[in-house]
Structures are given as structure tokens and as C-alpha cells.
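This report examines selected local features of one protein structure. The sequence and the structure are shown first.

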Amino acid sequence: MYQRVKAYIKKYHMLEKQDRIVTGVSGGPDSICLLFMLKELREEMDLEVLAIHVNHGIRGEAADADEKYVESVCRRWNIEYRSVHADVPAYAKIHGQTVEEAGRSVRRSAFEEACREWNGTRIALAHHRDDNAETLIWNLCRGCGLRGLGGIAPVEGRYIRPLLCAGKKEIESYLKKRGISYCTDETNLEDHYMRNRIRNHVVPYLEREVNSQTVPHMSETMEQMRELCRYVEAEAVRYARECVEYQGEAGERAMIKEEEYARIPGVFRPYVLREVICRIAGHRKDIEGIHGRLLAEMFDKQSGKKLDLPYQVRAARCYCGVEVWKIREDAEEEEREPQLRMTVFERPSGVIRFPDTPYTKWFDYDIIKNTVKIRHREPGDYIVIDRLGNRQKLKQYFINSKIPQNERDRVWLIADGREILWIVGRRQSQAYQVSDRTRRILEIEICGGKEDGGTSKSNDSGRGSSKEN
């Protein structure tokens, strides 16, 4: 078994000479076996090993006995040792987690902290082949993609799992032959946790009633799925270059261009979207298939619709696709629809004096055809750019005006159907200009800050009549 573990470590490039390895040791057969393997490799590869034992504050005297046993083993094998005490039930309550989830979080934090303080290069965990089979069954029951079908990976960043090539019974037999004792956690035999129920009932049933080689076959399949997943994710990165444009100095915003995205083979689209979310989030953990599906559905939404994703990532439907960005912690409250103050009055006789503020404009009220609304851009929008009635698509106006792509969907517009009366703060349509033929004037003033911004054309033709939104 030792030679097979060595070959497995070499296959996945888990260790290099002079690595400093932090390893979690509970005292059970799996972690004791891993610690023994690392002890043997220490001489061959000039490694340094630090054992971390986490006392979860759950099992009372039994947990204290485990802690003392691990310390004695480390002393006997001349391995540096540290213990960490944690109140896992209290942690679970504070963070809204199950005790099982909280235990994993506490252990991982302890390993990470020790790795930083000790200048570690690897963190070794004692997951074995049976653990992986349980993980696959659990992932299938919850629903998963290719990554979930791959189970537990042998290497994830600095985390390594050298025992994934060995089964539980094989590990226990190996220790027995060498006279190495270990602790037994009686809670593993209980059915409080889902993983325990899979371990104690589902896997034994499959081995007994379906195929005695169930776990090895699952392990082989998971290895194939991991290979396939690596290929698909590499292709997704390649396809993402074709349809995703990253903006900002650090690429903190992504524009998924609709036309280019539609040309990507459907099987790769979920992986492209996941790659975008992960890159913007700066994390891969907890980015699930459902998040990719929700992002894909944004292409069927109206412009302006928003979606919140993990790690404060937000997406919004825009004219040319879907934009994805991370909300800054210091960001101000989301932009709210401005308040309009609208007044209709008779055109004064003689020379008139137009408002000199960029946020108050006059329009020829009598030529307005539909409902006047304030909104963001939509497909088909245009503005009349001269008195001859020549039109320009709003998209082209933004390009000509050098308005950045990530700002275009936030520009407020006053619209009469698809025709833009006013690009607020920028340009007014020539088609609605007040002239000598104008009888009634519509004055629109942008006052800021009210959620309900839509308004109908006023039917009150009296002088000085007004309607506020």
C-alpha cells in the first residue's frame, strides 16, 4: 500500500522535496495512516511535517483521550504537534450551520492558520476512496454537474489527499499488520448526519446487493469525470474569450455579448457562465450549477433586470448582453429612478427664455404621440439629431459620444415610445424642439430619487397645469 500511495502522490505531483506539510490528525485510522505515510516519506524527500489536532468540544472525555493519543503518537514519531480547541456547537449556532458543516469550517480555519504561521507549503487531508464514493452519492442525490461527478479531487491548490487511492478496510488492515493502534469515534456509527447514513447503509447495500466492487468502480468513474471536467472547463475558458469582454483595470466587470454567446455550442454555455461568475467573484467554492442557470435566464429578461449571485456578484441585462460585476463593500445604495416634475402650459407670446439648467428641458407638447416615460435604453431606441428629421440609433450615439460600455445601461432617458426626447444630462431630440408653431409646452425637470418614474402624457391643457411623478 505504501508504494501505491507513493505512486499516487507522484502521479498528481502532490509533494516536492523539502515541502512543509500541515496535516490534520483526528486520531482515527485514516489520519493516523496518513501521518505514518508522511513520516516514512519525510526521510525520502526531506520533508517537514506538522500535525494539527482539533478538539471540537463535543465528545467530552472521549475527545480529550483522542487528543492525548495523537500527542503521544507525534512524540513517538518525532513529529511536530499542535492542538486547537474549539466550541463547534457554538460556532454552528453563530454562523447558522449544522454541527457537521461547522466542524469542517473550524478544521479548515485551523489548518490554514497553522499553514500561514508555520510557512507550510501543503495541507494534507486523510480522505480515502470510500469517502469519495459517499461524496459522489451525496452529490448525485443533491444534483450536480461534471465537477460534482468528479467527487473529491486529489489536489486542490495546496490541499492534497494522498489516501484517495486506498479503501477504508485496506487502511485498517495496513495499520493492523504494523501494530499501529488508533482511536474509534463512536459517533461515526450513528445516523445523525446524512454522510453517516450513506456510509452505514447505502454503500454497504450496494456492495452487498449490486456489486462488491462498487467503491473501486465509482473511484474509476470519478477519475474519468475529473479528466472530462478539466477538458470542458479549458474549452469554456477558450469560448469565454470569444464572447466575454472584461472591463476595468483589474477586469472587475464582464460583458457577456449576446450574439457571440449564442454562437457557442449549448453544452459549453453553463461552463462559460460559471467561469465568468468565478472570475468576478474571485472564488470557485459555492458557485453552483443553479447560479449559471439563473445567469443564462437573464438573456430572456428585459433590459435593466438584475440578478444577485454569491460573493456580492451582481448581473444585469443590458442592450447587447448581460453585464456582471462585483458590488463594492463601500458602494452607495443602488441608483434609484429620478423623480420627474412635469408642467404643461401655453406658449408665452413674443420672445421666450428657455431654462438654462441641464436638468430642465422644454418640449413641444402637442406633437408627443404616446406615453412619456423615464427609463434606460431598449432595443430600437433612436433620437432625431437635426431639424431635417434624420435619426441616429441610440447605440451609435453612445459610441460617437464615447460613453463607456458599462455606463450606457445606467443613462436615464425620457422616451416617447422608441423615440428619445431627451438623453438626460446630454442631448435633446431636435424633433420635439419648441418652435413658433408650438401652442403648448411640456416642461420636464429632473428632481432625483423616487422609485416610481413612469408617467403618462397630461390631458390638462390649462396654463400652469402640472403633474408630478
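## Basis of the report

The structure is a predicted model. Every value given here was computed from that model.

Helix 8 spans residues 168–177, and its buried residues are Ile171, Tyr174 and Leu175. Viewed down the axis of helix 8, these buried residues fall within an arc of 95 degrees, so they line one face of the helix. An α-helix has 3.6 residues a turn, so residues three or four places apart point the same way.

The cover over the buried residues of helix 8 includes helix 1 (2–11) and helix 2 (29–45). Lysines mark the other side of helix 8, where Lys169, Lys176 and Lys177 are exposed. After the helix comes Gly179, with a positive phi near 65 degrees.

The hairpin of strand 17 and strand 18 has 2 residues between the strands, and in it Gly417 adopts a positive phi near 70 degrees.

Strand 18 is also joined to strand 19 (residues 427–428), again in an antiparallel arrangement, by 2 bridges. Here Ile423 has Arg427 in strand 19 as its bridge partner. In the hairpin of strand 18 and strand 19, 3 residues lie between the strands, and Gly425 takes a positive phi near 80 degrees.

Most residues other than glycine have a negative phi. Gln18 is not a glycine, yet its phi is positive, at about 70 degrees. Gln18 sits in the loop between helix 1 and strand 1 (20–24). Its relative accessibility is 57%, and the cut-off for an exposed residue is over 50%, so Gln18 counts as exposed.

Gln312 also has a positive phi although it is a residue other than glycine, with a value near 60 degrees. The loop that holds Gln312 lies between strand 9 (306–309) and strand 10 (313–318). Gln312 counts as partly exposed because its relative accessibility is 40%, a value between the cut-offs of 20% for buried and 50% for exposed.

Rolling a probe the size of a water molecule over the atoms shows where empty space is left. Over the whole structure, the search finds 2 cavities of 30 Å³ or more. The largest cavity holds about 50 Å³ of space.

The residues that line the largest cavity are Glu233, Ala236, Tyr271, Arg274, Glu275, Cys278 and Arg284. Helix 10 (214–243) and helix 12 (269–281) each contribute at least two residues to this lining. Helix 12 provides the largest share, 4 residues. Sorted by class, the lining of the largest cavity has 3 nonpolar and 4 charged residues, and no polar ones.

Technical notes
Residues are numbered from 1 along each chain as its sequence is written. This is a predicted model: local features need pLDDT of at least 70, side-chain atom pairs count only at pLDDT 80 or more; totals for chains, interfaces and linings use all residues. Side-chain values use heavy atoms; hydrogens and water are left out. Buried means under 20% relative accessible area, exposed over 50%, partly exposed in between (1.4 Å probe, protein chains only). The arc is that of the directions from the helix axis to the C-beta atoms. Contact means heavy atoms within 4.5 Å. Two strands pair if DSSP finds at least two bridges between them. On a 1 Å grid over the protein atoms alone, a cavity is a set of points where a 1.4 Å probe fits but cannot get out, and a pocket is an open set with protein on both sides within 12 Å along at least five of seven lines; lining residues have an atom within 4 Å of a point. Grid points are joined across faces, edges and corners, and a volume is the space filled by probe spheres set on the points. Ala, Val, Leu, Ile, Met, Phe, Trp, Tyr, Cys and Pro count as nonpolar, Asp, Glu, Lys and Arg as charged, and the others, Gly among them, as polar.
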